[in-house]
Each structure stands twice: as C-alpha cells, then as structure tokens.
Amino acid sequence: RLAQGLPDRWIRTICPYCGTGCEVDMGVKGGRITEARPVLSSPVSQGHLCVKGRYGFGFNDAPDRITEPMIRRNGVWEAATWEEALAAAAAALRQALSVGGPDAVGVLASSRATNEENYLAQKFARLALGTPHVDCCARVCHAPSAAGLGQTFGTGAATNGYADIERAALLMVVGANPTENHPIVGARIRQRVRAGVPLIVVDPRRTELAELATVHLAPRPGTNLPLLQAMAQVILGEGLADGAFLAARTEGIEAFAASVQAWTPERAADLCGIEAEDIRRAARLYATLRPAMAFHGLGLTEHRQGTDGVTALAHLALLTGNVGLPGSGVNPLRGQNNVQGSAQMGCEPSRLTGYQKLAEAREIHAQVWGAEPPQGPGLNALEMIDAAGEGRMKALLVIGYDPLLSHPNALETAENLNGLEALIVVDLFLTETARAFGTVFLPAASPFEKEGTYMNGERRVQRVRQVVPPRGGSRTDGTILSQLAERLGAGSHFRFPDAAAVWDEARRTWPAIAGISHARLDREGGVQWPCPTEGHPGTPVLHAEGFPRGERVRFRPLAWQPSPEAPDAEYPFLLNTGRNLFHFNAATMTRRTRLRELAAEDLLEIHPADAEGLALTEGDPVRVESRHGAFILRAHPTDRVRPGEPFATFHSAAAFVNRATGPGRDAVTGTPEYKVTAVRLQKG
Ligand code: SF4
C-alpha cells in the first residue's frame, strides 16, 4: 500500500459477490481500483467486509480480461469491431428466428448484473426476440425458495432482514454454511450465539456454525424432508403449535397434521442417520423460544424435492407462529449479488417483473411496454440447453453465466450446447462455455464500471455506482442489449437515457418497488420492498398483517420420494458439493484476484476412516466417479464430513466437478440435484 500510495478518490458501491449485499468504498488511483474498505454506516455490513469483498477486486484489471469484441471464424476467435460483432450476433439471432421461430432462441441472463440490466434482458427476450425463453442462474440455486415460499406465503423472498438476527431468541440454519458463503451474515449469527442465543444447525457437514450449535442435526444428503416433517410431527404431537396463529392465519392444519403423523422422530432418524432425541430437542427449541428465525441455503434447495424442502421449513414457521414478527420467518441466503434481483426483474420463463405470474401481469406490461409480452411459460435454463441438444433451440444469448461449468451432468450439457448454431456470449472473460461453444463474444463492463441497483437477500434495493469507466472497448449489458435490439428492429423499446430511467420503467410494472427511485436510494441508502410510494419507509418484515393472497395461507401435505442417487455396492459414497470461503461459484472473478493465493485449487473433503480405507493421505489425487462422469481432486481428510459422505468444492475448470453430478431436478422448478450423487472413489 505504501508503494502504490493512497487512493485519489473513493466511490461507494455494493460488493459484487454474494447476496448479502455489503456496501463497500472502492479506492481509485490513476484510474485503477487499488483498495476496498468497509462502510461503517451500512445497515447490512456494519463496517465489515469478508475476504472476497476486501481483496476480490483484482479481476477488473486482469490481463486476460476480454475488452474488445470477437467473432469465431473457422474455429478461431478473431478480433472484430463492435459494428461487426453486433451485426454477427443480430444476424445469428435473426437466422435462428427465421428457421425455428421464437422457440429457437433464448436468453440466459446474469445474476451478477444489475436490476436494470436484468429488466432489459427479459424485455429483450420478450420483445426484441418475441420469445418467452428467458431465465437466470436462480434456476440452479434458489428457484425452489421462490417457489416454496411463494406457494406458502404468497411472496417468494426472505420474510425478514439481517437486522432481525439480533432480535431472534433462537436461530436455525438449514443447509447453509454462512460462515464461508455469506460471511457477514455468518459473523452476525456467530456473535448472537456467543452471546447465548441457542442455534440449531441442519447440515451433513460439521461446519463452523455446527461446532457452535446447541443442536447439530447432520442428515444424510437427500433426507431434509423426513427431518423437517418429523420436527412438525413433534411440534403438533407435543402440543407446541401456536393454536391462535393457526386459527387466525392458516387453513388445512387438520389434513397437514394427519400427513405428518407417520413421521415419528424414530422413522426420520433412521432415514437421516441421526438420533431421534436430537430431532425432538430441535423441534422443542424451535417451537418454544420465540421469536425463532430460520435461514436456509442450497443444502435445502438443490434436491429433487427442493421446493418441498423449503415448503416444509415454511410449515414449521406457520406451526409456531414465526411469521410476521421481527426476529422470525424463513430467510433464504441468496447466492449471487443480484440473484434475487434477476428473478424479480422477470428473468424467469413463467414470471414477469416482480415475479408476477404471466397471466396476472401481462396487461400492465403491455401497457407500459406498448407491446404484448409473448405467451408462456417459456423454457427454463436447463430446458433451453436440453432443447439445443434436440435441435429445437438454435441460438442462445448468454450473459454473465457459464452453464458448461456450473450446470450438472457436464458431459451431457456439452453435448447439448454443441447442438446450437450460435452462442453469443456477453462476459468479462472467455468462460468455459465461451471457450468451447461461443460464436460471438461481446465484452461486458464489470460490476465496478456501471450504474444501477442490486437487490440483496433481504429484499433491499441498493445503489451500484460506477467506480471506473469500462475498460478498453467493453460496454454495459444495457448498452449491448439496446444496440442489439436496434439491429433487430426493436430499438424503440430500449432507448433509455440512463439506468435510472430503466429502473423507473420497471417501477411502473411492479407496484412493490414504485416508491424506490435512484434519487431516494442516493439520499437515504437501501430500501427493502414492498415500498409502494415515495413516502413509504419500506418493509423489513413481511406478512405482519395478512398475506398477499388474503388473511390466511394453506398448509400443503407433502410426500417424500427418496432420491434414486442412493449408494450401492458399485457407487458406495454420497457426494455433496459446495463453495469455499475464498472463491465464488465458477471463480471467474475470484481466481483472477489475490484470493487465488489463499485457495489455489478445489479439494475433496473425505472422512479420515474412508481415507484410510482407500490408502489416501492429504493431497493425494483421488478419482471420483459417478454414473454420469468423473473428476479428479486432491484429498483432504477431515472429520468435518461423515463417513461415506465426501464433499467437493466446485470452483475450477481444472477439476470440473459437475462432470459427475447427475440429471436429477427438483420436480417443481427444475433446479438440479447438486447435493446428492452416488460415487465411487479411487486413489488417482
Ligand atoms: Fe461481499 Fe458477501 Fe463478503 Fe459481503 S459477505 S463482503 S457481500 S462476499
């Protein structure tokens, strides 16, 4: 720091990594970002940043960042002007439309991009291409949260905010490891636990929070539903439910009670591989210490019954009256910085802006847009790629998304992507998808090079500010989309003077954000929706007085289906996958920063007894093979995982962990079953 000198100026924006949404001041010297420092006044991060927010900005000036457009000719990427690249992209989209109509084109939008860019991406799909096939990476993470919470409470987002961590009498974390994946939330939870607040952790691994927990339940991967149903059975069986809340605000409790009666703790414990008495302890704590606040992550959603798992957790909150109160509720820990926003902005094949149902919101969109959105629902992200394999999808526009590396069952994903005639990539770097299948590359401005807003995991809209100008010839997604739309004859729908004007149009389509303007955010800081008018203070706690669809909500009896990814003699281990503290998802950004020095490669956590049985020691290569594919990682023996349940981080293309994950999908949302894969291990 001494060598480079102090920054010339500081610009306040939002960390571009996880959905916590920490505010950060970026220091700029000589036109380059040199430093990041936390914001003391931030209600989210309260003067803290994790290692990614603090040291993860170097990707902005990475030497391999692509800052000029390219077109692939005869298999080779060649430099192109913007005019040539946009013309090639538009021609490819027009060609696909002429051959296969609107079903032959699709858009994968970016949960790293701003709300405004995502609003434009779905509008581009629907108006410039006339297709309903638009989705974002919420599909591969928290779509089951939106569906499960939406069908239970009527709003598919966190019911409460992070400040409620300090108001809860009990905290419960299900299938999430916030200490590593949402570190500022994790730190706030840890502080409360150290101050004496009881904590329940549901996680197959002994995470740092599990070490501190009053009760740690470590269910076998794939058995969340039996566990949560058994907790409901205990709460009802022991008379711990909140009768007044059930009578006043719910329907269908009798049928629900009958449906969980058979889920005794003993039956669930047997399936989960845990103690029945621990299930009882957890249920009693959750039901009796009010208010109780639940958080959950991808350990709950990335299953064949991900939506049912989230619904089961929402049922526990209803049973105990933990809805509509400060310090309570059901709160998904959203993954990417703006994954909440990308889905809320309408990058969802069956929803328009505001996650409003197509049928219900078509009219308002037609009024505001001056054109009808196409009928839907469209295909989701995985179905679009399936359709490419079947020859129905001809051209995809992929914005800040690397499906080849991040989708499961990578060999099949590759085969399907190979069926595309055109794959137009908007990104900072040549992703694995771009490298293998891209036909046109349009270089995007980074998160530090644009204006707009993000929406964090507690529904807080916050301002993203330009810290430095776009590097080289790169352009913002908004500019790229509007220039493409001009070439497709739809330019009149995409002429906005700035990001604030785009946001203002989105506000006219979704009443819950009508009161949140850029100017207000600049004046007051972040605001949590619903916020219907400029004078409204925002809504930190949802459902305090009724639900969007009325005064009462209905329980939905759930039936458990065991995953076919069960271990057997041939594939005796159950593989679980996830992130580590230092990298983010496909590591497109983090591996180009100093964080690489802290975690250079992915590792396979394996129980010491399993390691011994396979003659593995620390650092030995181990081949992990499933029924779908194989990868090799270095072994890291640790008793953080249970015997028979290895855990792999999935950040690098070198490891390509998703070669082994399977084709299983959540029955409601299509979210992949990343968390349960039967594998065999062999010293590599
Ligand atoms: Fe960024 Fe998330 Fe870390 Fe906050 S907790 S600094 S948002 S990565």
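Reply: A residue is taken to be near a molecule or strand if its C-beta atom, placed from the backbone, lies within 6 Å of it. Of the 14 residues around the ligand, those that come nearest are Cys15, Cys18, Cys22, Cys50 and Gly53. Two elements give two or more residues to this shell, namely helix H1 (51-55) and helix H6 (183-194). Helices (H or I, at least four residues) and strands (E, at least two) are DSSP runs, numbered from the N terminus.

The model is predicted: local features need pLDDT of at least 70, side-chain atom pairs count only at pLDDT 80 or more, and totals for chains, interfaces and linings use all residues. Residue numbers start from 1 along each chain as its sequence is written.

Because domain 1 (9-61) and domain 3 (143-332) both give residues to the shell, the ligand lies between them. The domain bounds come from an automatic or database domain assignment.

Glutamine 46 is placed in the loop between strand E3 (32-38) and H1. Its phi is near 45 degrees, a positive value in a residue other than glycine. Glutamine 46 counts as partly exposed because 17 other C-beta atoms lie within 10 Å. The cut-offs are as follows: a residue is buried if 20 or more other C-beta atoms lie within 10 Å of its own, exposed if 12 or fewer, and partly exposed in between, with C-beta atoms placed from the backbone.

The chain is divided into domain 1 (9-61), domain 2 (70-140 + 338-528), domain 3 (143-332) and domain 4 (573-683). Between domain 1 and domain 4, the C-alpha centres are 29 Å apart. Here 8 residues of domain 1 are in contact with 9 residues of domain 4, contact being defined by C-beta atoms, placed from the backbone, that lie within 7 Å. On the side of domain 1 that touches domain 4, the residues divide into 5 nonpolar, 2 polar and 1 charged.

Domain 3, the other contributor to the shell, can be followed through two of its residues. Threonine 307 belongs to helix H14 (residues 306-319) and counts as buried because it has 27 C-beta neighbours inside 10 Å. Its contacts, leaving aside neighbours within four places in sequence, are Pro144, Ala147, Gly148, Asp666, Val668 and Thr669. Glutamate 251, in strand E11 (residues 250-251), has 14 C-beta neighbours inside 10 Å and therefore counts as partly exposed. Not counting residues up to four places away in sequence, glutamate 251 touches Arg552 and Arg554. The C-alpha atoms of glutamate 251 and phenylalanine 555 are separated by 6.4 Å, although the two residues are 304 apart along the chain.

The chain as a whole has 25 helices and 28 strands, and buried residues make up 60% of its 684 residues. Its radius of gyration is 24 Å, which agrees with the value near 26 Å that a compact globule of 684 residues would have. That radius is taken over C-alpha atoms, and the globule rule is 2.2 Å times the number of residues to the power 0.38. Of the contacts with a separation of 6 or more, 73% are between residues 24 or more positions apart.

The chain also holds a largest nonpolar core of 203 residues, in which Ala89, Met231 and Ile279 touch the most other members. Such a core is a set of buried Ala, Val, Leu, Ile, Met, Phe, Trp, Tyr and Cys residues joined through C-beta atoms within 7 Å. Helix H8 (residues 224-237) gives the most to this core, with 9 residues. Alanine 89 touches Ile424, Val440, Leu442 and Leu484, when residues up to four places away in sequence are not counted. In soluble globular proteins, nonpolar side chains tend to be buried together.

Terms used
Two residues are in contact if their C-beta atoms, placed from the backbone, lie within 7 Å. Ala, Val, Leu, Ile, Met, Phe, Trp, Tyr, Cys and Pro count as nonpolar, Asp, Glu, Lys and Arg as charged, and the others, Gly among them, as polar.
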